[in-house]
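Opening the notebook on a new model.

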Amino acid sequence: MNQALHSISSDAVQRIRSQSLRGKNLIPGVTDKISLAIGEPDFGTPQAVIDAQVQALGAGYTHYSPQEGRCELVDAILASAVAVSGRAFSSENILVTHGGSAGLTATILGLINPGDVVLLEDPTYSLYLDGINMAGASVRRFSRGEDGAFDFDGIDRDAKGAKLIILCHPSNPTGAVISRGEWASFADIVTRNGLLLLCDEAYEGLTYGDSPFVSALDIDGLSDHLIVSRTFSKKYAMTGWRLGYLVGEPRLIAAASTVHRTFNGAINSANQIAGATALRQAGEEAEKMRRSFHRRRDLMESCLSKIPSIRFRRPEGAFYFWLHYPASLGNSSDLAATAAQAGVMVRRGEEFGASGKHALRLSYATDEASIVQGVERLGRVLT
Ligand SMILES: Cc1ncc(COP(=O)(O)O)c(C=O)c1O
């Protein structure tokens, strides 16, 4: 790019571009290859939610909403937050957001200054890094060990002088969840070091383990430090609706809200009314989708177990497998390109951090035939 054009973009944009790990948004249906790359449910949005939106538009809900969210939706979010945590919340704890993405970015920009340090897992969802770079902060990365355990002493050391820790739970890309015991250690580190905690629960409601999902909202001692981001995208198959919300400590919510109203303004009124319907009436539909994902996870696991060269841990949530393969097969960008030539699209591990150099992310948010054939094609590339 020539110098004059180069200088048009802000330092923030330059920082994001120079360090971003993000890949292209792969839209389903644009390729004849099998896609195990897409991070969105292949199900349609529950009919009751669609009907609620159409009805709302017909009834004239076509105007601006309050910045923090319409009362129907805020009340439904409050009811679900109380059910999760057993604690009392008020509307000051809630911000309705333009999908999970805007909630996450508004939180980071609302809390983080240039020069601040943010603790980030490796691997993790790539959006956080871009938000941190937009804010001009730096990251310290931490990872689970081979056995899946966190090194809490190491995280505690890294927490000195840091301002924020971001956790993705259940994890994109690994599908790992945080147990109640692990939460106790995180809560201890967060409170002793005076950290803030942003917990991205985009895949809340999509877990397959024997024990129930433990939300950060349900952890004693965290509430003064905590902001939780959720979205309707995954659990209710509403990726295109762009609806999410934050639940957290009122001063943290107020900071995120100031950024959010600057970038996004209030969210589409009819979509918010539909979102309230999702929370109040679409639980059964969401549960049906969860059971399908559970079956697909088991199917993909049995297909993958026939590929001797890879290592993976069984994911307990979200809809992804995180595969480690031998370094002799090359880096993950090249291997993902080779897999695409062999007819199957997967995500390169490097998109999620340096630890993904020899890893791939596979999505099972697709039909069973695609899972079987896609893994078969991948197997040929991996042997
Ligand atoms: C972990 C995680 N958080 C947030 C998002 C963004 O969600 P939304 O589509 O609601 O912006 C995604 C989307 O893939 C995600 O995987």
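Started at the ligand: T231 has a side-chain N or O atom 2.6 Å from a ligand oxygen. This is a predicted model, so I am reading every distance here as a computed one. Next I checked Y203, where an N or O atom of the side chain sits 2.7 Å from an oxygen atom of the ligand. N172 does something along those lines, with a polar side-chain atom 2.8 Å from a ligand oxygen.

How much of the ligand's accessible area does the protein cover? I looked it up: on its own the ligand has 390 Å² of accessible area, and the protein covers 92% of that.

Then I listed the shell. There are 15 residues around the ligand, and the ones that come nearest are S101, D200, T231, K234 and R242. I sorted the shell by type and got six nonpolar, six polar and three charged residues. Which helix gives the most to this shell? It is α5, residues 99-111, and it puts in four residues.

Moved on to the helix pair, α3 and α10. I have α3 at residues 47-58 and α10 at residues 269-281, packed at an angle of about 145° with 8 Å between their axes. I noted the crossing of α3 and α10 as right-handed. For the contact itself, α3 brings A48, V49, A52, Q53, A56 and L57. By type, I count nine nonpolar and four polar residues in the contact of α3 with α10, and no charged ones.

Which peptide bonds did I note as cis? One runs from D122 to P123, with omega near 10°. I placed P123 in the loop between β3 (117-121) and α6 (127-135). Another cis bond joins H169 and P170, and there omega is about -5°. P170 belongs to the loop between β5 (164-168) and α8 (180-192).

I also stopped at A237. What is its phi? It is positive, about 50°, although A237 is not a glycine. I found A237 in the loop that links β7 (226-231) to β8 (244-248). T231, which I started from with its 2.6 Å pair to the ligand, is the residue at which β7 (226-231) ends.

Last stop, S35. I found it in strand β1, residues 34-35. Its side chain reaches the backbone nitrogen of A37 at 3.2 Å. Which residues does S35 contact once I leave aside its neighbours within four places in sequence? I get M345 and T366.

Terms used: Residues numbered from 1 in each chain as written. Predicted model: local features only at pLDDT ≥ 70, side-chain atom pairs only at ≥ 80, totals over all residues. Heavy atoms only, no water. Axes fitted to C-alpha atoms, helices over the stretch in contact; angles between N-to-C directions. Helix = DSSP H or I, 4+ residues; strand = E, 2+ residues; numbered from the N terminus. Left-handed = near helix turned anticlockwise from the far one by under 90°. Contact = heavy atoms within 4.5 Å. Nonpolar A, V, L, I, M, F, W, Y, C, P; charged D, E, K, R; others polar. Near = heavy atom within 4 Å. Polar contact = N/O pair within 3.5 Å; in protein donor to acceptor, adjacent residues only side chain to side chain. Areas by Shrake-Rupley, 256 points an atom, 1.4 Å probe, with all protein chains shown as cover.
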